[in-house]
Amino acid sequence: EIPNDRPNLAPLLSSEYCDMDVFLVPATLRPETMYGQTNCFVLPSGDYGAFLIDTENGDTNELFVMSERAAKGLSCQGYTKEFGKIKCVCTFKGSDLLGLPLKAPNAIYEKVYTLPLLTISMGKGTGVVTSVPSDAPDDYVALQALKEKPDFAEKYGITKEMVEPFEVVPIIEIPGYGDKSAVYMCEKLKIKSFNDKDKLTQAKDETYLKGFTTGIMLVGPYKGKKVSDAKPLIKQQMIDSGHACLYFEPESKVTSRTGDECVVAATDQWYLAYGEETWQKAVRDHVLSPSSFNAYDPNSLTKYDYTIGWLKEWACTRQFGLGTHLPWDPQWVIESLSDSTIYFAYYTIAHILQGKDNLVGDKTKSPGRIDPSDLTDDVFDYIFLNGPMPADCKIDPVIMSQMRAEFRYWYPMNLRCSAKDLIPNHLTMALYNHAAIWNDEPELWPRGYYTNGHVLVDAEKMSKSKGNFLTMSETVDLFSADATRFACADAGDSLDDANFSREKAYPKAYQVTHAKTK
């Protein structure tokens with residue numbers, strides 16, 4: 001309900017918009033808790049706007065109240081007629097929204113109110129936060145503060161009728177925590193205010209985890225179901241009923257090279273379904289078996305296991321930059337982390353195909369006298385997959401047999417050395433793609449990855465602006481090859497970042513030089 005006494009909200013009452021539904025749109029990852037809503041929070045000093053949601057097919061014509069940042073994200077996710085553009089009807093402060101009565105979906109209360117919360121981040125979600133004090137410690141503390149501190153409530157125009165009638169609503173039973181887990185944890189940890197930040201974080205992490213893994217729904221059509229099972233069902237039900245819509249944003253702030261904040265955009269895209277169950281299981285079984293794979297470090301192995309469980313649909317293409325064109329849709333280029341995941345197989349025959357100094361594929365320089373245009377899919381199937389000899393093959397059969405033999409001799413790859421930051425993507429993708437190409441020959445999948453941290457120079461990240469950037473050739477010229485080896489060995493080679501110390505390299509250079517002259 002929009003009252004007449006708020007001038008900054010007056011445009012919403014104009015003839016153009018007065019018949020439209022107006023929604024405060026909180027972002028939540030916990031749709032199963034909507035039954036326990038007692039109010040909605042906004043940041044009094046926050047900048048908000050009312051944005052027109054008008055889809056191209058005309059089935060939606062509503063006003064969403066949220067931050068401008070969130071509105072930009074929605075405009076790139078199919079909620080406006082024109083991609084990336086959204087109409088702002090009016091702007092206002094969060095304080096203009098305080099005390100507004102709301103109808104909250106799934107809530108047992110017919111009417112709830114918009115209340116102040118000073119800890120809201122306008123850089124996350126929509127700037128609007130729904131309140132479920134039964135299962136969210138922050139919400140419980142905030143609601144209690146308004147009840148117990150009348151001066152604080154009065155400062156923001158919040159009356160008793162907006163807070164006192166709203167009691168905590170039990171919605172989820174958690175063994176050992178009861179049906180009001182947030183209340184239980186706040187009392188257990190003696191949390192009194194938002195100043196108890198560490199305790200609040202502990203309470204939140206514990207209640208959210210226990211609620212999802214062991215909680216049982218006490219209300220709604222899925223009463224009696226585990227929260228983990230009910231969650232997706234409630235989510236879909238709210239979407240189907242028009243009470244919710246999907247919204248995506250990065251897990252943390254992402255800034256482009258132009259300095260703009262990035263949003264998630266719904267665009268045409270090709271995906272690799274790494275989450276497919278049989279594919280995922282085959283890779284996990286391979287990685288976790290000591291007889292088939294060596295990660296050389298328990299921490300690395302844990303990271304692979306986590307990544308395999310986390311990696312689902314991966315956007316594997318882009319429409320700019322260098323790269324390999326997607327064979328069946330050439331307008332797309334394979335993005336760098338998805339590309340080159342089985343190129344080790346190519347290494348085994350590159351000396352026959354290209355030879356030295358022949359990156360352009362000049363057939364006159366090819367040791368096998370091979371024209372790149374003759375390298376058909378059937379040719380590579382013969383070499384790598386034990387396929388039949390292509391009937392129309394233009395490559396000498398002796399050379400073909402030699403390339404197959406070379407590949408079979410050198411594969412699998414026993415060891416690859418790489419960086420730890422590639423475990424969550426490229427290295428794990430290489431395992432998946434080997435499993436896809438050689439699905440019947442797991443003995444050809446990678447046998448081991450050794451990963452290490454980055455190289456620091458004098459305990460600082462290498463940077464040209466700091467003057468501590470060293471190339472390998474420069475290092476050898478400065479300290480000699482032997483002294484460089486000594487300093488690298490001393491730097492460390494675990495998952496921790498290695499530290500190349502020039503203070504240690506100089507004495508080693510002196511020692512090596514004098515050892516040679518004696």
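Author: On a 1 Å grid over the protein atoms alone, a cavity is a set of points where a 1.4 Å probe fits but cannot get out; points are joined across faces, edges and corners, and a volume is the space filled by probe spheres set on them. By that test, a search of the whole structure finds one cavity of 30 Å³ or more. The model is predicted, with local features needing pLDDT of at least 70 and side-chain atom pairs pLDDT 80 or more, while totals for chains, interfaces and linings use all residues. Residues are numbered from 1 along each chain as its sequence is written, and side-chain values use heavy atoms, with hydrogens and water left out.

Reader: What volume does the largest cavity have, and which residues are closest to its centre?

Author: About 80 Å³ of space lies in the largest cavity. Its lining (residues with an atom within 4 Å of a point) has 13 members, and those closest to the centre are Arg69, Glu249, Pro250, Cys262 and Val263. By class, the lining of this cavity holds seven nonpolar, two polar and four charged residues. Nonpolar here covers Ala, Val, Leu, Ile, Met, Phe, Trp, Tyr, Cys and Pro; charged covers Asp, Glu, Lys and Arg; polar covers the others, Gly among them.

Reader: What makes a space a pocket, and how much space lies in the second largest pocket?

Author: A pocket is an open set of points with protein on both sides within 12 Å along at least five of seven lines. The second largest pocket holds about 1300 Å³. Pro327, Ile334, Asp339, Ile342 and Ile437 are the closest to its centre among the 29 lining residues. Two or more lining residues come from each of β11 (271-273), α9 (343-353), α10 (377-385) and α12 (423-437). The largest share, five residues, is that of α10. The lining of this pocket has 20 nonpolar, six polar and three charged residues.

Reader: How are helices and strands assigned, and how is the packing of two helices described?

Author: Helices (H or I, at least four residues) and strands (E, at least two) are DSSP runs, numbered from the N terminus. Packed helices are described by the angle and the distance between their axes. An axis is a line fitted to C-alpha atoms, for helices over the stretch in contact, and angles run from 0 to 180 degrees between N-to-C directions.

Reader: How is α8 oriented relative to α12, and why?

Author: Helix α8 (residues 298-310) packs against α12 at an angle of about 75 degrees, with the axes 10 Å apart. An angle from 65 to 115 degrees counts as roughly perpendicular, under 35 as roughly parallel, over 145 as roughly antiparallel, and the rest as oblique. Therefore α8 is roughly perpendicular to α12. In the contact (heavy atoms within 4.5 Å), Ser300, Lys303, Tyr304, Thr307, Ile308 and Trp310 of α8 meet Ile423, Pro424, Leu427, Thr428 and Tyr432 of α12. Seven of these residues are nonpolar, three polar and one charged.

Reader: What term describes α7 and α8 relative to each other, and why?

Author: The axes of α7 (residues 277-288) and α8 are 10 Å apart, at an angle of about 175 degrees. The two helices are therefore roughly antiparallel. Gln280, Val283, Arg284, Val287 and Leu288 in α7 meet Leu301, Tyr304, Asp305, Ile308 and Gly309 in α8. This contact has six nonpolar, two polar and two charged residues.

Reader: Which strands stand at the edges of the four-stranded sheet, and why are they called edges?

Author: Strands pair if DSSP finds at least two bridges between them. The open sheet has the order β6-β7-β2-β8, with mixed pairing. β6 (101-102) and β8 (128-131) each have a single partner strand, so one side of each lacks a neighbour in the sheet, and they stand at its edges. Strands β2 (residues 39-42) and β7 (residues 112-116) pair in the parallel sense over four bridges, and Val42 has Pro116 of β7 as its bridge partner.

Reader: How do you know that a cis peptide bond joins Tyr411 and Pro412?

Author: The omega angle of that bond is about 5 degrees. Pro412 lies in the loop between α11 (397-410) and β15 (416-419).
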